[in-house]
Amino acid sequence: MIERTWSEARRLESWPPPSLSQAIATAGSGDAAPSFVARQPIYDRALDVYAYELLFRTDDVDHADVRDEEAATAGTVVTTFADIGLDALVGGRAGFVNATREFVMRGFVTLLPAGRVTLELRRTEALDPAVLTELRRLAQLGYTIALDDFVMRPDSIGLLEVAHYVKLDAQAFTRDQLTDQVTQLQPHKVKLIAAKIEDHRTFDFCKEVGFDYFQGYFFCQPRTVAGRGIPANRLTQMRLMAVLQDPHCELEELDRAISNDLGVSFRLLRWINSAYFSLPRKVSSVREALMLLGVRNVRSWALLMTLAGIDDQPSELIRTAMVRAKMCELVAQSLGRPDPAAHFTVGLFSVVDAFMNMRMTDVLAELPLSPEVAAALLDHSGPLGEVLAWVLTYERAHFECLAPSPQADAMLRDAYVVALRFADQAEAGGSAA
């Protein structure tokens with residue numbers, strides 16, 4: 001009864017999904033592997049996720065070939081809307097989809113739902129008079145337009161009449177140049193997106209000069225790394241995580257550790273009693289949760305709750321931790337690797353430095369992690385580190401670094417999608433509880 005209840009509660013975690021099984025079954029037939037698709041958050045000024053850019057790649061794409069770019073964009077539409085579904089990738093948020101000149105001019109845009117998708121086109125392609133005319137027509141139909149790799153020049157004025165967003169590469173300008181670009185753009189009715197932000201210092205600067213939205217992996221980095229030792233406001237969480245990650249921790253000790261932290265125990269029980277789990281009765285204590293769901297599952301959720309309770313961090317950070325943890329676990333299961341729970345921990349703790357605002361080496365010095373887990377987190381070494389490296393490579397959409405294989409492609413893509421659903425719906429269940 002308990003096992004059946006837990007299986008029903010974790011309905012999104014079914015593994016392997018049918019598409020993986022089909023890919024493995026037909027791998028020898030020469031069928032092409034599924035296309036890769038990933039998402040990257042776009043934040044507002046409060047560091048809440050405003051939208052997601054969909055990052056996509058088909059096999060063997062030569063990006064110098066325009067026809068291949070058109071095929072890649074068309075593949076994005078097919079993969080996202082027919083195979084996976086837009087909601088599974090972006091939830092209720094908007095999705096930015098890269099489009100090419102040919103994709104726009106051949107009428108493929110109307111395959112996308114107006115109001116849900118923003119077309120992202122390079123500035124140089126939008127300068128084509130025929131493309132600009134078509135973009136005006138699409139805007140009248142309710143489509144929003146974003147211009148990528150934007151530079152404010154005299155020939156850019158006409159583009160700003162149709163664009164809703166312009167995206168500037170924060171690494172392509174000096175600070176003075178970036179400030180000048182923003183100053184020239186501010187009189188126009190467009191929202192400004194700063195892209196390729198890799199650290200908090202750049203984010204702070206872009207926010208100060210007037211950008212509206214921000215994109216990059218800066219949120220996964222610790223804001224401050226000076227000094228050694230645990231910040232006072234992080235000590236309680238660190239001590240609790242030390243207990244929770246210990247695979248030899250007995251039920252009594254686990255119950256006591258969680259129950260003694262009122263914030264974590266409250267969030268844990270609220271989450272477990274949410275619609276996400278759909279348990280047959282209300283769980284009123286940590287011990288009851290341990291008996292009903294099992295030590296391993298409660299330990300994993302309590303670790304998530306501990307990280308989620310850390311203040312002054314963007315919500316996307318806990319979502320990223322959940323996606324990485326679940327994807328590592330699912331890949332380990334698919335490969336028949338021992339101890340999927342350790343893979344879950346590695347994925348979860350891969351952002352612990354950002355949560356704690358400490359260097360990873362300092363975090364590892366304070367947490368009694370196993371040597372295998374520590375090595376995976378520090379330099380991605382060992383079997384655990386190998387899986388984590390694959391997950392991070394996929395997350396960053398560095399698909400060209402992944403060895404092409406129908407089985408591997410399907411495994412990674414499907415693990416990613418299941419992990420997204422796990423994180424997004426688990427978070428929705430917790431916040432609605």
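Is Arg-101 buried, partly exposed or exposed, and at what relative accessibility? Arg-101 counts as partly exposed, at 28% relative accessibility. Buried means under 20% relative accessible area, exposed over 50%, and partly exposed in between, with a 1.4 Å probe and protein chains only.

A word on the model. It is predicted, so local features need pLDDT of at least 70 and side-chain atom pairs count only at pLDDT 80 or more, while totals for chains, interfaces and linings use all residues. Residues are numbered from 1 along each chain as its sequence is written, and side-chain values use heavy atoms, leaving out hydrogens and water.

Now salt bridges. The structure has 18, each a side-chain nitrogen of Lys or Arg within 4 Å of a carboxyl oxygen of Asp or Glu.

Arg-101 pairs with Asp-128, 2.7 Å from N to O. Arg-101 is in helix H5 (101–105) and Asp-128 in the loop between helices H6 (123–126) and H7 (129–140), so the bridge ties together parts 27 residues apart in sequence. Helices are DSSP runs (H or I, at least four residues), as are strands (E, at least two), numbered from the N terminus. Asp-128 is partly exposed, at 23%.

Next, Arg-319 and Glu-316. Their salt bridge spans 2.0 Å, N to O. Both sit in helix H16 (315–335), three residues apart, about one turn of the helix.

Then Arg-359 and Asp-362, at 3.1 Å, N to O. Arg-359 is partly exposed, at 34%. Asp-362 is buried, at 4%.

Last, a network: salt bridges link Glu-53, Glu-120 and Lys-167.
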